[in-house]
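Trainee: Please pick one part of this fold and walk me through it slowly. I'd like to see how that part connects to what surrounds it.

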Amino acid sequence: MAESAKPRVLILGGVGFVGRNLTSYLVKNELVSKVRVVDKVPPATGWLNEDHKAVFKSPIVEFKSANLANQASCSKVFHDDSGAYDVVFNLATETKCGQTDEVYKERVLDVTVNCATEALAHGVKRFIQMSCARVYDCDKVSNTAGRNWMVATGDLVVGMQEESKENSPLNPWTQVDKFRLKSEEALAQTEGLNYIVVRPAIIYGIGDKQGLTPRLIIGAVYRELNEKMKLLWTADLKMNTVHITDVCRALWHLRNVGGRGEIFNLCDKGHTTQGVISTMVSELFQIEHDYFGTILSNLARVNMTSAVEESNEKHLAPWSTACARDGIENTPLSPYIDKELLYNKHLSVDGRKIEMTGFHYDVPEVNVKLLKEIVEDYVAMGIFPPSLETWKMLV
């Protein structure tokens with residue numbers, strides 16, 4: 001395809017985890033004629049690895065700094081003398097838990113409304129909104145699923161967790177996800193906007209800081225402490241996943257797939273649970289792990305704030321010690337996990353609908369090698385203690 005015939009793309013929140021990987025995917029595969037990346041954080045201070053730094057230096061990549069919660073600032077990034085943008089990816093909304101409703105209104109809802117308004121005004125052909133699978137009702141169960149499991153395995157299961165489909169009941173279980181759902185509703189009210197909503201499971205891969213990486217760091221912490229890692233609830237807690245490469249491929253696939261307002265889940269085939277992740281983390285860092293179980297975890301839930309604060313404090317000290325020992329003075333990585341993510345909430349997602357449009361998942365399930373890649377990338381960047389790379393000690 002001639003360079004001039006390739007789409008022009010605007011990536012809002014393009015320095016973040018998904019944004020940097022999407023930019024890399026589009027540039028390396030020569031899929032676009034131009035990428036304008038917009039973010040409040042400049043690439044120079046965004047903790048990019050060497051590969052991503054090189055991508056951002058490409059002649060077809062342009063960076064613009066903007067506060068998208070400000071309408072005037074938002075309007076400027078949509079205007080381009082060289083032409084309109086064909087596709088806009090809105091990855092710019094706040095992702096951290098534990099913020100106030102005021103923060104989420106500004107950084108999630110206001111950002112989405114402003115960007116949607118400008119996309120419509122500038123004739124954008126497709127607007128793709130990144131939401132999250134945590135907007136679904138995580139407490140629903142299916143006796144039918146339980147009966148099917150009994151037929152397959154011979155085990156009696158009552159009220160087995162049902163996978164959330166795109167039309168499943170909604171009941172966001174974190175504050176940020178409540179505002180993500182409000183944003184979806186706002187898009188539906190923007191008449192004339194051709195938009196798609198994407199609801200991924202836990203996204204992981206190189207550049208991840210909030211998905212599986214905190215659990216990797218906690219595993220490293222217990223290696224540092226030389227203690228058994230104990231976790232709330234049980235191994236069966238659903239923590240479904242999707243790899244960043246498949247997320248990027250899916251986002252690009254959806255540029256011309258699906259009708260206005262259509263929703264697509266993204267989730268791999270692994271049916272990932274807390275047990276699956278913990279077993280891999282334990283293998284990686286050569287530690288043992290166990291669970292407090294439902295009874296003790298429910299006791300902790302009575303005073304969850306105190307229990308989580310105590311746990312986070314226990315993890316932060318040895319992490320700081322390991323970083324200091326290895327000469328790491330500054331790192332964006334942390335073992336901190338917000339209490340909203342530690343309740344007994346199942347993230348069980350059906351990601352098959354997008355496959356009916358011709359998409360396929362290249363990474364069918366999480367594995368130790370993929371988790372190791374995340375850590376090794378951060379070690380190479382000088383922000384993860386190399387002394388905790390236990391697998392290299394075994395070579």
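Mentor: Let's start with serine 24, which sits in helix α1, residues 17-28. Helices here are DSSP runs of H or I with at least four residues, strands are runs of E with at least two, and both are numbered from the N terminus. Keep in mind that this is a predicted model, where local features need pLDDT of at least 70, side-chain atom pairs count only at pLDDT 80 or more, and totals for chains, interfaces and linings use all residues. Residues are numbered from 1 along each chain as its sequence is written, and side-chain values use heavy atoms, with hydrogens and water left out.

Serine 24 has a relative accessible area of 7%, so it counts as buried (buried is under 20%, exposed is over 50% and partly exposed is in between, with a 1.4 Å probe and protein chains only). Setting aside neighbours within four places in sequence, serine 24 touches Asp51, His52 and Val55; contact means heavy atoms within 4.5 Å. Further along the chain, the C-alpha atoms of serine 24 and lysine 34, ten residues apart, are separated by 12 Å.

Lysine 34 takes us into strand β2, residues 34-39. This strand is mostly covered, with six of its six residues buried. Lys34, Arg36 and Val38 point one way from β2, while Val35, Val37 and Asp39 point the other way. β2 pairs with β1 in the parallel sense over five bridges; for two strands to pair, DSSP has to find at least two bridges between them. Within that pairing, leucine 10 has arginine 36 as its bridge partner in β2.

Now zoom out to the sheet. It is open and has seven strands, in the order β3-β2-β1-β4-β5-β8-β12, with parallel pairing. β3 (61-65) and β12 (262-266) stand at the edges with a single partner strand each, so one side of each has no neighbour in the sheet. From one strand to the next, the twist averages 20 degrees. As a reminder, strands of a sheet pair through backbone hydrogen bonds, either parallel or antiparallel.

Follow β1 (residues 8-12) to its other neighbour: β1 and β4 (residues 87-90) pair in the parallel sense over four bridges. Leucine 10 turns up again here, standing opposite valine 88 in β4. Helix α3 (residues 71-78) packs on the sheet, touching β1, β2, β3 and β4, and its direction makes about 165 degrees with that of β2. For such angles, axes are lines fitted to C-alpha atoms, for helices over the stretch in contact, and the angles run from 0 to 180 degrees between N-to-C directions. Helix α4 (residues 101-121) lies across β1, β4 and β5 (126-130), running at about 170 degrees to β5.

Continue along the sheet to β5 and β8, which run parallel and are joined by four bridges. Phenylalanine 127 has tyrosine 195 as its bridge partner in β8. Strand β8 (residues 195-200) is mostly covered too, with six of its six residues buried. Tyr195, Val197 and Arg199 point one way from β8; Ile196, Val198 and Pro200 point the other. Five bridges then pair β8 with β12 in the parallel sense, and arginine 199 has asparagine 265 as its bridge partner in β12.

Finally, come back to His52, one of the contacts of serine 24.
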